[in-house]
Amino acid sequence: MPESASNLREADRIDTGPRFTDHDAVRLNRMFRGMGTEEMLEAVIKDDLAGDLAIVSSFGAESAVLLHLIAQVDPGVPVLFLDTGKHFPETLAYRDELVDRLGLKNLVNLHPCLAELEMRDESGLRWSYDPDGCCELRKVKPLAKALAKYDASFTGRKAFQSSTRANLPRFEIDTSDAQGRLKINPLIDWKAEDIAAYMSLHELPRHPLVERGFPSIGCSPCTRPVAEGEDPRAGRWSGWDKTECGIHTPSGEEGDLPPGYEPF
Ligand code: SF4
């Protein structure tokens, strides 16, 4: 790695060892240092540098940018959407609008396990007393199951979004399990104004809740609008000591980066 991912992939997808290592991620970060996002995406996707890829998208306030960038290279890259059952109807409509407008060919809606919901969230109100447990049922587990089929996933995280994202590299290892998947953060160095300019340039549709004061949009019970000047993510799990849903387990987020990594 990373000359070609195919020689590390196993035909029957039995995971006997990690697909990528921190060494691979460090090499990829060095290889693409200084290269623009479009060029980097083109190389990663077309040269098969990261194996079987998927995008994880919330179809939130800024999701259109990464989806558009990747659709320009390959609109067939699977787009994984966590259909938690708790989204705003506006988000579901926006998802469908973007899929149509961008010509995305492979939307994959991930649902929580019904049997687990019946056992652990029969009332559907777990978010109100145990948001971590609710996120685990409705986000973390369905995504982990889906990602087991892939070698790498793209996220839309940006450094400016929060202090916990400020030091993330472009390429890192997904530490949520031992499979050694790559996690790729193509927009990590994009500023809010870059996102806005790209949306305008390409006339991308906006999530309808943005103009109603929602700069960061998650499930409806756990997202409130924010006041001007507030942190854009202040409306997520407001009142709880929680800033992330748990699908992004720490590498650069809650701890130090492993040796060899440098922040982008
Ligand atoms: Fe549940 Fe809220 Fe997490 Fe959605 S964001 S999965 S409703 S706790």
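This is a short chat about a predicted model and some of its residues.

Reader: What kind of model is this, and what pLDDT do local features need?
Author: The model is predicted: local features need pLDDT of at least 70, side-chain atom pairs count only at pLDDT 80 or more, and totals for chains, interfaces and linings use all residues. Residues are numbered from 1 along each chain as its sequence is written.

Reader: Which residue does UniProt list for "active site"?
Author: Cys245, from an unreviewed entry. UniProt positions follow the numbering used here, feature names are shortened, and annotations may be inferred rather than shown by experiment.

Reader: Where does Cys245 lie?
Author: In the segment after α8 (192–201). Helices (H or I, at least four residues) and strands (E, at least two) are DSSP runs, numbered from the N terminus.

Reader: Is Cys245 buried or exposed?
Author: Buried, because Cys245 has 23 C-beta neighbours inside 10 Å. The cut-offs count other C-beta atoms within 10 Å of a residue's own: 20 or more is buried, 12 or fewer is exposed, and in between is partly exposed. C-beta atoms are placed from the backbone.

Reader: What is Cys245 in contact with?
Author: Cys135 and Lys139, leaving aside neighbours within four places in sequence. Contact means that the C-beta atoms, placed from the backbone, lie within 7 Å.

Reader: New topic. Which residues have the "binding site" feature?
Author: UniProt places that feature at Cys134, Cys135, Cys219 and Cys222, again in an unreviewed entry. They are spread over 89 residues of sequence but cluster in space, with a largest C-alpha distance of 10.9 Å.

Reader: Where is Cys134, and where is Cys219?
Author: Cys134 lies in helix α7 (residues 131–147). Cys219 is in the segment after α8.

Reader: Why does Cys134 count as buried?
Author: Because Cys134 has 25 C-beta neighbours inside 10 Å. Cys219 is buried too, with 23 other C-beta atoms within 10 Å.

Reader: And what does Cys219 contact?
Author: Thr84, Lys86 and His87, leaving aside neighbours within four places in sequence.

Reader: Is Glu203 buried or exposed?
Author: Exposed, because Glu203 has 7 other C-beta atoms within 10 Å. Glu203 lies in the segment after α8.

How values were computed
Contact = placed C-beta atoms within 7 Å.
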